[in-house]
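Here is a briefing on side-chain contacts and a metal site. Please look over the sequence and the model before reading on.

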Amino acid sequence: MQSRLRRAIRVTPYLLSGVALTLFMAWGMPLLLAMRGLGPSAASSDVYRLATSAVGASASSVVVPDSIATVEVRRGVFSDWCIVEPGLSHSELPPARIWPVTALYGQSSPTAVQRSAPLGCVLAPSEVERDQYARIDTGLSGWPFRAFASEAWFQSNVAGDGYDPFPEHRWNVYLGDIGGRQTLVALRPLPVGLIADVAFWGGASFLAISIPHRLRRRKWERFGRCGACGHTLDPHLAKRPVACPECSAPLPRDPLGFARSPEMHFQNAYVWLVFVSSLDIMLTWKILDRGGLEVNPVAKIVIDAWGMHGAIAFKFALMLWVIVVCEILARLRLRSGRFLAYTAVAISASPVAWSFFLLAWHELVPP
Ligand SMILES: [Zn+2]
């Protein structure tokens with residue numbers, strides 16, 4: 001029960017976002033487009049005609065042809081406009097209005113493909129009002145599915161062959177005129193389109209919110225942070241803990257394990273090691289250049305065998321080896337690693353101090 005409530009709470013923001021976007025697409029978007037002179041009134045129109053076999057009837061001696069009911073459909077991107085006009089059958093007196101409720105065909109080829117008006121269009125008034133109206137407009141809005149409809153009903157004029165220019169509005173709110181056209185907000189909900197739109201926009205919101213969230217979690221995890229709370233894990237830890245020490249959320253297993261290269265443990269010591277070793281090389285070179293002797297037996301062998309360049313390579317290889325050993329030792333026993341690192345610095349520094357002393361002696365006390 002509680003988990004169901006929790007799930008409902010988690011879904012609610014996406015649902016609300018879906019409703020808000022649906023309403024914006026149905027009400028806001030057509031308004032924005034209307035302000036720029038776009039919309040279904042600017043779209044090209046398809047005209048469908050009611051299939052009919054009647055050709056006309058003679059009233060007295062003059063044959064008056066029947067007019068045929070039509071449905072004009074203008075499809076815009078965010079809204080459609082449907083104009084339904086009934087035909088007049090003169091076989092009755094007064095002439096009866098025939099509304100296009102049955103099969104519709106395209107204008108150019110009357111018998112080819114059967115067409116239908118968009119879902120939600122009003123195709124005929126009720127039987128009682130059949131002869132009272134001479135035109136019904138339906139506006140449909142919403143994207144990607146039409147979710148709301150607005151209607152304008154035009155009354156027959158007194159002569160019976162046309163309609164009043166000012167319609168009755170149903171299911172809409174009149175906002176004002178934009179560019180000489182009435183601006184209406186559609187209010188009649190179309191259940192199928194409305195549900196489909198809310199589902200579409202709710203799903204889109206879910207994707208738009210949850211995918212970046214998931215990507216951020218993955219990024220956090222890769223950079224050594226807890227995916228749940230963002231707590232930064234100890235960067236020196238070679239082995240990732242099973243659960244977050246902050247929020248105790250389980251952490252994913254580290255595929256690299258011991259082979260992972262976390263932050264180095266003793267970066268200061270290594271900087272000093274590199275600095276001191278480089279100084280040693282430079283001072284040794286200076287002393288040899290002045291006719292001095294290398295007193296370190298290992299270094300002497302290396303210099304004799306490979307020359308000064310070999311000595312430089314040897315020195316840096318040794319440095320690298322010391323750093324790697326310190327790091328491995330630090331993973332096993334942190335204090336031993338630290339001791340080795342600073343001892344290495346001290347050992348490398350002693351010949352440098354000795355070389356400095358020798359050079360200074362050489363300069364100050366000439367032989
Ligand atoms: Zn955490």
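Glu 168 is partly exposed, because its relative accessible area is 28%. (Buried means under 20% relative accessible area, exposed over 50%, and partly exposed in between, with a 1.4 Å probe and protein chains only.) This is a predicted model: local features need pLDDT of at least 70, side-chain atom pairs count only at pLDDT 80 or more, and totals for chains, interfaces and linings use all residues. Residues are numbered from 1 along each chain as its sequence is written, and side-chain values use heavy atoms, with hydrogens and water left out.

**Salt bridges**

- The structure holds eight salt bridges; the term means a side-chain nitrogen of Lys or Arg within 4 Å of a carboxyl oxygen of Asp or Glu.
- Glu 168 pairs with Arg 170, and their closest N and O atoms are 3.6 Å apart.
- Arg 170 has a relative accessible area of 25%, so this residue is partly exposed.
- Lys 315 and Asp 280 form another salt bridge, at 2.9 Å from N to O.
- Lys 315 lies in helix α4 (residues 297-332) and Asp 280 in helix α3, so their bridge ties together parts that are 35 residues apart in sequence. (Helices, H or I with at least four residues, and strands, E with at least two, are DSSP runs numbered from the N terminus.)
- Asp 280 is buried, because its relative accessible area is 10%.
- Glu 129, Glu 168 and Arg 170 belong to one network, joined by salt bridges that share partners.
- Asp 80 meets Arg 146 in a salt bridge of 2.9 Å, N to O.
- This bridge links distant parts of the chain: Asp 80 is in strand β5 (residues 79-85) and Arg 146 in the loop between β10 and β11, 66 residues apart.
- Asp 80 is buried, with a relative accessible area of 6%.
- Arg 146 is also buried, at 18%.

**Zinc site**

- Which residues coordinate the zinc ion? Cys 226, Cys 229, Cys 244 and Cys 247 do, each through SG, at 2.3 Å.
- Donors are N, O and S atoms within 2.8 Å of the metal (3.2 Å for Na, K and Ca); water is not among the atoms, so sites may look incomplete.
- The site is tetrahedral, with angles of 104 to 114 degrees among the four donor atoms.
- Four donors count as tetrahedral if all angles lie between 85 and 135 degrees.
- For four tetrahedral donors, the ideal angle at a metal is 109.5 degrees.
- Along the chain, the zinc donors follow the spacing C-x2-C-x14-C-x2-C.
- Cys 226 and Cys 244 both lie in the loop between α2 (191-222) and α3 (267-289), so the pair ties together parts that are 18 residues apart in sequence.
- Both Cys 226 and Cys 244 are buried.

**Aromatic pairs**

- The count comes to 12 aromatic pairs. Rings of Phe, Tyr and Trp (its six-membered ring) pair if their centres lie within 6.5 Å; planes under 30 degrees apart count as stacked, over 60 as edge-to-face and the rest as tilted.
- Tyr 133 and Trp 153 are edge-to-face, because their ring centres are 5.1 Å apart and their planes stand at 75 degrees.
- Tyr 133 is in strand β10 (residues 133-141) and Trp 153 in strand β11 (residues 148-155), so the pair ties together parts that are 20 residues apart in sequence.
- Tyr 133 counts as buried at 2% relative accessibility, and Trp 153 counts as buried at 6%.
- Trp 143 and Phe 200 also pair edge-to-face, with 6.2 Å centre to centre and 85 degrees between the planes.
- Trp 143 sits in the loop between β10 and β11 and Phe 200 in helix α2, so this pair ties together parts that are 57 residues apart in sequence.
- Trp 143 is partly exposed at 31% relative accessibility, as is Phe 200 at 37%.
- Ring pairs link Phe 78, Trp 143, Phe 200 and Trp 201 into a cluster.

**Charges over rings**

- Arg 170 lies over the face of Trp 153, at 3.7 Å from the ring centre.
- The charged end of Arg 135 sits over the ring of Phe 154, 4.6 Å from its centre.
- The rule asks for NZ of Lys or CZ of Arg within 6 Å of the ring centre and within 35 degrees of the ring normal.

**Ser 277**

- Ser 277 is in helix α3.
- Ser 277 is buried, with a relative accessible area of 2%.
- Leaving out residues up to four places away in sequence, Ser 277 touches Lys 315, Met 319 and Ser 348; contact means heavy atoms within 4.5 Å.

Terms used. Four donors count as tetrahedral if all angles lie between 85 and 135 degrees; four count as square planar and six as octahedral if opposite donors are over 155 degrees apart and all others between 65 and 115; anything else is irregular.
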